[in-house]
Amino acid sequence: MLYGRSAETAAIGDLIDRAGKGHGGALVLRGEAGAGKTALLDLAASRGGPMRVLRTTGVEAEADLAFAALHQLLLPVAGLLDALPEPQAEAVRGALGLAPAGSGDRFLLAAGVLSLLAEAAAPNGLICVVDDLQWVDRPSADALLFAARRLRTEPIAMPLAVRGDAPVKGLPSLEIAGLAEPAAAELLDAGFALAPPVRRDLVALTGGNPLALHETARLLTAPQRAGREPLPDPLPGGSRLFGDRVAALSPGARLTALLAAVESDLGLVLRAAERLGAGDATLPEIESAGLAGVSGTHVRFRHPLIRSAVYEAASPAARREAHAALAEVSGGDRRAWHLAGAALGQDEPVAAALALAAERARDRGGYGAAATALTRAAELTPEPLVRAGRLKDAAVAAWLGGRPGQAESLLAEARELAGVDTALTMEIARLRGRFELSSGNAAEAVRILAAGDTLDMLADASEAASYVGEVDLSSELAERAGRVARVSGMTGQLPVVLEFVATAERLAGRLAESRAVSEEGLDLAREAGYANTVAAHLANLAAVAALRGEEEACARYAGEALAIAVPHRVGLRAGLAAYALAMLDLCLGRFAAAHDRFTAIVAAGPGAGHPTVVWRSTPDRIEAAAGAGDGDASLAALEAYERWSAHAGTAESRALLARCRGLVLPDDQAVEALGEASRLHANPFEAARTGLLLGERLRRTHRPGEARAHLRAAFETFQRAGAAPWARRAYGELRAAGESVHAGKDAPPAPEVVPDVRGMALDALTPQELRIATLVADGATSKEIAARLFLSPRTVEYHLYKIYPKLGITSRTELARLVVLRKAPAAQHSML
């Protein structure tokens, strides 16, 4: 029975009720050992009625075994894997040991776990219970938490219990504190006869911890319970709570308990106990003492503190003997870890076995487990250069597992051991540079990488230099390396790849698509710990918000991007954030403020002088200066832009140059230049901006008939892009040019929201829905979409179920037509 837990019970009931109605979620129960978290999880498992229940528990002895917890949780529903997209199914099968290891992509595996849980939730919902999360192996925990943060549309409740302050990001939590005195008194009165003063003192001294209350009261003598003798000082705690029970076991039972403390597999424990001469009745003796029990194929201690008490009661020699016996009856990764536990000093064969275990974990996407295994292997390695190589490999695994701090520490240790070994030293240097570039000081990355003499390091140095803005150095390094735009294997991971996808979408004027990609990239970059990639996506979101006229969002995203990019000296990202703030002013017609901001981008402030930012923003800077009436500044900027564009090789580059000239020339010449630009544009969004400027000039020179066609085309493009400020500006110019803008029979009198007759209903979609709609238009199936967006197929179908009524359609064919109306040819790619 649970005492004093009405609020906690209500929260769990609400979690399960909402999941039953299709609004899934997770709840972290956080508290100290003995607070009652497991009892609350048991309650959750019993509250779902027809809902399926899956359960896993972290075991300290298995914390280094990749996917141990996931195997326990998902094996009962492995028969549903065929319903998943094949890449996801392959990743999950590999993690569970049901097939050869797949790509090792941890995001793909996590998406597969989410999809499998969604399948398991049909038809009545699912309660997925995770206990002792702090001891769940890292690869399993990463996959489960990825899924937990994405349960919004799934009928899944996921209560998780974690001890103390173990970090669990992005999930709501509930503190499970000690019991208040009335509830604690009820608990004690149900099992013990205590004098009221003793009971009050006991509650105060234990902080109301239910386990401590029960076990301490059990250990008290009759005079102490009656208040005739004082309570022991200090109270029994930790191993003292259960030390008497452990000590009361027979020698054989204590040995079996120790084996269970370092290995939970029942079969292995029994075989090792037999080898060490423990009697057949030892396990029943442990169960009778209330210390542990058999759960399926595992031995489970009643509480983690009992396991600690058993382990602490054994001598170091006894622990090594237990590991050695378990190694004799184990195989694979378990054998390697038990050999390591039995090792006394350095041992190359054991280190090699752990390195192989790490390789297997890495092949299945268990990078965290691989890092742990390689670190321990390095400790056991006698030869310094081999040890350095294993530490280097451990650093890479930690990095890929989203643990950048650990990766940097391991790499520093490897560097000290590498000595003068040129090949290993250069490889370590390159990794240092990559780590700095992705999450640290980009200028330091340039210094490290530029010192190398391999093609890989020089190419990475070129990329780093372009981030920082030292353009001459970037060109020199690119020439030496023989390639300029190379993206290395490590930055080819999904969060980084999405940087470039989001940028391309924004430059093409597909603002909603760009926002959706960056939101996904931002989420994944934060999970991976790639700070500079986080800044890149935040800066892009700021630029998108500027073009959409979303002032508060632009300022927020830009501020967050600058808070990372400036101290990390990532000039490109800092410059883009500053550019976004300037573009916001330009979009909203605040020309003087925009002019000041663009001037600062060149002369001072975050990202100042970054060549990519300066060059790419110059057309906007000229437009702002012209709008602010600063003719000298616009002419000076145009002269610089003409020098940079003297050998422009693309039509789009020539179009932008012609538009810039049109902004500073007298009206007649301006019309000619803007007309040339309009004919040259390959980017529809930039063409619309030029068309708006041309239409304004034509109207001012009393040629409204010619102006209307350009303004109408610009208005429709801005609508499709969701660029509200420019759409309003084009709307006003059209009306001034004598055209009544009708977007339907109930067109609004003011252009705050101006619907488009050809598919602007797409703006009613969320970013996630828009990405799904776009992929549907490309002919992708629900399984294919799920694989690409790290969703479950059921989630894709759920979104389609919501998309159709929003758009007033009933089929994928109609959806494809709407999306095609909105899409435009891709723009030339740029790093800005």
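Reader: Which residues form one aromatic cluster?

Author: Phe685, Phe718 and Trp726 make up such a cluster. Rings of Phe, Tyr and Trp (for Trp, the six-membered ring) are paired if their centres lie within 6.5 Å; planes under 30 degrees apart are called stacked, those over 60 edge-to-face, and the rest tilted. The model is a predicted one, in which local features need pLDDT of at least 70 and side-chain atom pairs count only at pLDDT 80 or more, while totals for chains, interfaces and linings use all residues. Residues are numbered from 1 along each chain as its sequence is written, and side-chain values use heavy atoms, with hydrogens and water left out.

Reader: How many aromatic pairs does a search of the whole structure find?

Author: The search finds 7 aromatic pairs. In one of them, phenylalanine 107 and phenylalanine 146, the ring centres are 6.4 Å apart and the planes stand at 50 degrees, so this pair is tilted. The two residues belong to distant parts of the chain, with phenylalanine 107 in helix H5 (residues 106-120) and phenylalanine 146 in helix H6 (residues 138-148), 39 residues apart. Helices (H or I, at least four residues) and strands (E, at least two) are DSSP runs, numbered from the N terminus.

Reader: Is phenylalanine 107 buried or exposed?

Author: Phenylalanine 107 is buried because its relative accessibility is 5%, and phenylalanine 146 is buried at 2%. A second pair, phenylalanine 715 with tyrosine 731, is also tilted, since the planes are at 50 degrees, with the ring centres 6.0 Å apart. Because phenylalanine 715 lies in helix H37 (residues 704-721) and tyrosine 731 in helix H38 (residues 724-736), this pair ties together parts 16 residues apart in sequence. Phenylalanine 715 is buried at 5% relative accessible area, as is tyrosine 731 at 4%.

Reader: Which charged end sits over the ring of phenylalanine 146?

Author: A charge sits over a ring when NZ of Lys or CZ of Arg is within 6 Å of the ring centre and within 35 degrees of the ring normal. Over phenylalanine 146 it is arginine 150, whose charged end is 3.7 Å from the ring centre. Elsewhere, arginine 319 lies over the face of tyrosine 311, at 4.3 Å from the ring centre.

Reader: Let us turn to strands. Which residues point one way from E1, and which the other way?

Author: Side chains of a regular strand alternate between the two faces of the sheet. From E1, Gly25, Leu27, Leu29 and Gly31 point one way, while Ala26, Val28 and Arg30 point the other way. Strand E1 (residues 25-31) is mostly covered, with 7 of its 7 residues buried.

Reader: To which strands is E1 joined by bridges?

Author: Two strands pair if DSSP finds at least two bridges between them. E1 runs parallel to strand E4 (residues 156-163), with 7 bridges joining them, and glycine 31 stands opposite arginine 163 of E4. E1 also runs parallel to strand E5 (residues 173-175) through 3 bridges; there, arginine 30 has glutamate 175 as its bridge partner.

Reader: In which sense do strand E6 and strand E7 pair?

Author: Strand E6 (residues 292-295) and strand E7 (residues 298-301) pair in the antiparallel sense over 4 bridges. Alanine 292 has phenylalanine 301 of E7 as its bridge partner. The two strands form a hairpin with 2 residues between them, and glycine 296 in the turn has a positive phi of about 65 degrees.

Reader: How much space lies in the largest pocket?

Author: On a 1 Å grid over the protein atoms alone, a cavity is a set of points where a 1.4 Å probe fits but cannot get out, whereas a pocket is an open set with protein on both sides within 12 Å along at least five of seven lines; lining residues have an atom within 4 Å of a point. Grid points are joined across faces, edges and corners, and a volume is the space filled by probe spheres set on the points. The largest pocket holds about 1200 Å³. Of the 47 residues lining this pocket, Thr38, Ala39, Asp131, Arg302 and His303 are the closest to its centre. H2 gives the most to the lining of the largest pocket, with 5 residues.

Conventions
Buried < 20%, exposed > 50% of the residue type's maximum accessible area, 1.4 Å probe, protein only.
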